[in-house]
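Hello,

I am handing over the structure we talked about; please have it open while you read.

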Amino acid sequence: MASLQEAVMMGLAPDGGLFMPEHIPVIPKAFFNNIGEMNIREIAYVVADMMLGQDIESEDIQRIVNDTFTFDVPLVKLEDNIYSLELFHGPTLAFKDVGARFLARIISHFGSPSKQNPVNVLVATSGDSGGAVANGFLNVPGVEVYVLFSQGGLTPLQRAQFSIPNSNIHPIEVIGTFDDCQRIVKEALKDDDLRSRTSLTSGNSINICRLLPQMFYFFHGYASLVHRDGPADHVVVSVPCGNLGNLTAGLLARKMGLPIERFVIANNENDITAEFLRTGLFNPRRAHRTVACAMDVGNPSNISRILDLFDGDYTEISRVMKGYSYSDMEIINTISETRFNDKYVLDPHGATAFRALKDDLRPGERGFFLETAHPSKFSRAVTLATGIKFDNAPSAQVSKVHTPRISASVDALRKILLSPTIKH
């Protein structure tokens, strides 16, 4: 058993496992009587105080929550009983702004980092984690951030968001896939010799305090639904899934009492989770690139947390969740059709979740899906589907930032972490 501070500052358990709360508190049902009148800061404070209040003073939780949510998370109606929860209004235009900003403030609260003894935050990114974590920790004294990304696996805008000259953000290009990047981060966190020589933690959802704040917007989405249309029975939520951090957060919210009837899981062609929900077999394999690149994950870490939440009961898992997967062409067509029919522009990940929700929603149910990134972050796919062009060309700063290219091995990362010459 570890304290919250130990879990946050280690990122990964000594045996390589993921930390989970020992006890998940249940919010009193009375809380939901007035949830429709609460804003996201008020909701987040209640949820965070219940989950973290034994380890962090309430006034500190309030400050962390207020500093995290400096932007809105609107719920937008698309069709009868179907809504988009827009999670892209933060500084890097992606849902991960919530978790990254919260984690940065938690680490500053616990870590007391200094220039002499910095905290080194490792983050593997398949799309938006890199930019969000970079923004959350940018110029935080005593923190160095190392962003591992797969060779050729990101859009130019995603690269630009963590390629910041003369900063504490250090991009590292890995010759491999996102799963290779994630494996390297995990191996580094388990390396006793490396940990003895430098303070390491993770900025990915393997860090419990990157994941927990993602619960807040599930509560907020439900509250917004109640505020718009009154008491919300039979609510379904559709989640675009890669590493399963968002899904795990939603399941934790449900465990705390959020009245979500079930979850719809949306995969691209890397359909490991959807296959598991169909067959009960978890079969990780090498991911391949798709237009929804943030979901190009072949071995999602958070599956272990989901199994823990359900005590490994596949029957219950398959009752609460159903999976769908879509090809690139189906995703592009969904973006195109939604622009034409609903006058709404989706990014590829939101399009996958929207399509899955439409395919799954039953009479008498209401649902919302997570629109996880602004369409401009995936301009090539969205322009192909809709003809809309975005004026968001990344700056030339990417070429000005030293970006080492390494093999997919922890030894290659070790040399960088222990080298005094890596800093810009």
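**The open sheet**

Valine 174 has isoleucine 406, in E11, as its bridge partner. That bridge belongs to the parallel pairing of strand E5 (residues 169-175) with E11, which spans three bridges. Strands here are DSSP runs of E with at least two residues, helices are runs of H or I with at least four, and both are numbered from the N terminus; two strands pair if DSSP finds at least two bridges between them.

Before going on, please note that this is a predicted model, in which local features need pLDDT of at least 70 and side-chain atom pairs count only at pLDDT 80 or more, while totals for chains, interfaces and linings use all residues. Residues are numbered from 1 along each chain as its sequence is written, and side-chain values use heavy atoms, leaving out hydrogens and water.

The open sheet has five strands in the order E6-E3-E4-E5-E11, with parallel pairing. Strand E6 (199-202) and strand E11 (405-407) are at the edges with a single partner strand each, so one side of each has no neighbour in the sheet. On average, neighbouring strands of this sheet are turned by 30° against each other, direction ignored.

**The hairpin**

Strand E1 (residues 75-79) and strand E2 (residues 82-86) run antiparallel, joined by four bridges. Lysine 77 is opposite tyrosine 83 in E2. Two residues separate the strands of this hairpin, where asparagine 81 has a positive phi near 70°.

**The largest pocket**

On a 1 Å grid over the protein atoms alone, a pocket is an open set of points with protein on both sides within 12 Å along at least five of seven lines, and lining residues have an atom within 4 Å of a point. The largest one holds about 600 Å³ of space, a volume being the space filled by probe spheres (1.4 Å probe) set on the points. Its lining has 18 residues, with Ala2, Met20, Pro21, Glu22 and His23 nearest the centre. H2 gives the most to this lining, with three residues.

Happy reading!

Conventions
Axes are lines fitted to C-alpha atoms, for helices over the stretch in contact, and angles run from 0 to 180 degrees between N-to-C directions.
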